[in-house]
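Please look over the sequence and the model shown here before reading on.

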Number of protein chains: 2
Amino acid sequence: MSRLNRFYCPDLPAKAGAFVEFTGDEAHHMITVLRMRAGQSVTLFDGKGRSTEAKIVVAGRKAAQMELTAAPSVSPPPAFKLTMAIAPMKADFDELLVRLAELGVSDAVPVMTEYGEVNFKKREAAKFSGRLEKLAVRAAKQSGNNHLISVADQIDLDRLGANVIVCDTEGERQPLHALAQKAGKSATVLIGPEGGFSESERAMFRERRYTMASLPGGVLRAATAAMVAASIMLANKSL
Amino acid sequence: MSRLNRFYCPDLPAKAGAFVEFTGDEAHHMITVLRMRAGQSVTLFDGKGRSTEAKIVVAGRKAAQMELTAAPSVSPPPAFKLTMAIAPMKADFDELLVRLAELGVSDAVPVMTEYGEVNFKKREAAKFSGRLEKLAVRAAKQSGNNHLISVADQIDLDRLGANVIVCDTEGERQPLHALAQKAGKSATVLIGPEGGFSESERAMFRERRYTMASLPGGVLRAATAAMVAASIMLANKSL
């Protein structure tokens, strides 16, 4: 149960004895929020699978220095790569992203849809993805996952590739649970917006021969549907 | 897609042509929030499986009257009865309860645990369960489920019965997904508090031969774990 506090260090050195300095967000979290002091140990991870232990040597007001006490080890990437394509919702998207990251989702792709609540222009998208990267880091610190969830810029729905599993509320569909068992080493699951997909979007799914899936339960809000779908996919692939 | 607005009417009459009056919360939701007027149609449900259509005949400032346009029909209870026993968390419990209800969880049982964040005395529990009942109604209105999730008063952990599946983070466990497939027509799944179970609680689980289960993903917050566990159980039973 006594897990060391985790800090994100994208340029983690390769050798024990190397020094790392934090300023900005991670220094603030370490010194001001957690009130950590020189002599205490932490875990550093680079978000690409490498992690190691380090000792705080300087805990100043605006910066912290750590010394690596061991060479980084490498966590293997997840055996199953799950991409969740989601029409972002106004209220719950940040929270959803953190939960998906905890769960071990590899990629999140925000998509623009006809009835979507949040559709960005390019310039806004840059701000948006900056914020989402911070959320991805927060989730990795909390969950112990050494691979950061990758969050793409919001793209048009028709830019998704082939082999997409679409969770829809109408039409002929197979239970996602049955589809999960047949999936190979990766899958992309698309969750629609609160307002549902449009008829022209559904026509595109048919044309592209996307696989149509159903979820358990009643009428699920989009954020609930995304969590449920990711849980079902990852549970079936983690056996 | 054009679903009628749903209203909770615990004492739903049995015959077409009968009248119903709302005051209080449901009247407020109908008239003030949704601005519905006489002549419009709604769905009424009693939370115990019965539902029907009704027409608004009076939409006053503080009360509304409706006339049933058909006799209530009965939705069968869910084929699989899932009870989620959860140590309530400070921040996310209300939201979690609504999501579990959307998903079709039958019962939620808040439990008191040694490291739990929210442990009520009896008097507080009454207030707590009143609030939770409102959340259950909100979820049923939104999700289209005609059976209200039943939310019990918070009980001591050792008052749970036999045959509990415990989601724990340590020790020998089977993936919940595999256990779900073996479950019969009902199951009780226990999710621990953010701080985990204590050693004496774990000893009780062993003594009672509770089944120990693991969830996919990294370190999940308790609210995430509860959603993930319910999704896995219900997906595997909805085939």
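What follows is a description of chain A, then of its two domains, and then of the interface with chain B.

## About the model

This is a predicted model, in which local features need pLDDT of at least 70 and side-chain atom pairs count only at pLDDT 80 or more, while totals for chains, interfaces and linings use all residues. Residues are numbered from 1 along each chain as its sequence is written, chains are lettered from A in the order in which they are written, and side-chain values use heavy atoms, with hydrogens and water left out.

## Chain A as a whole

The C-alpha atoms of chain A occupy a box of roughly 60 × 40 × 30 Å along the principal axes. Chain A has six helices and 14 strands, where helices (H or I, at least four residues) and strands (E, at least two) are DSSP runs numbered from the N terminus. Of its 239 residues, 52% count as buried, that is, under 20% relative accessible area with a 1.4 Å probe, protein chains only.

## The two domains of chain A

Chain A is assigned domain 1 (6-74) and domain 2 (81-237), with bounds that come from an automatic or database domain assignment. The contact (heavy atoms within 4.5 Å) takes 11 residues from domain 1 of chain A and 10 residues from domain 2 of chain A.

Between them the two domains of chain A bury about 880 Å², 49% of it on carbon and sulfur atoms; buried area is the accessible area (1.4 Å probe) that two parts lose on being put together, summed over both. On the side of domain 1 of chain A, Arg6(A), Tyr8(A) and Phe45(A) lose the most area, together 53% of what that side buries. Two salt bridges are counted between these domains, each being a side-chain nitrogen of Lys or Arg within 4 Å of a carboxyl oxygen of Asp or Glu.

## Chain B against chain A

How many residues does the contact take from chain B and from chain A? The contact takes 34 residues from each of the two chains, and the area buried between them is about 2,800 Å², of which carbon and sulfur atoms give 57%. On the side of chain B, His177(B), Val219(B) and Arg221(B) supply 20% of the buried area, more than any other three residues.

The count between chain B and chain A is six salt bridges. Glu102(A) forms a salt bridge with Arg221(B), and the closest N and O atoms of this pair are 2.5 Å apart.

Notes
Buried < 20%, exposed > 50% of the residue type's maximum accessible area, 1.4 Å probe, protein only.
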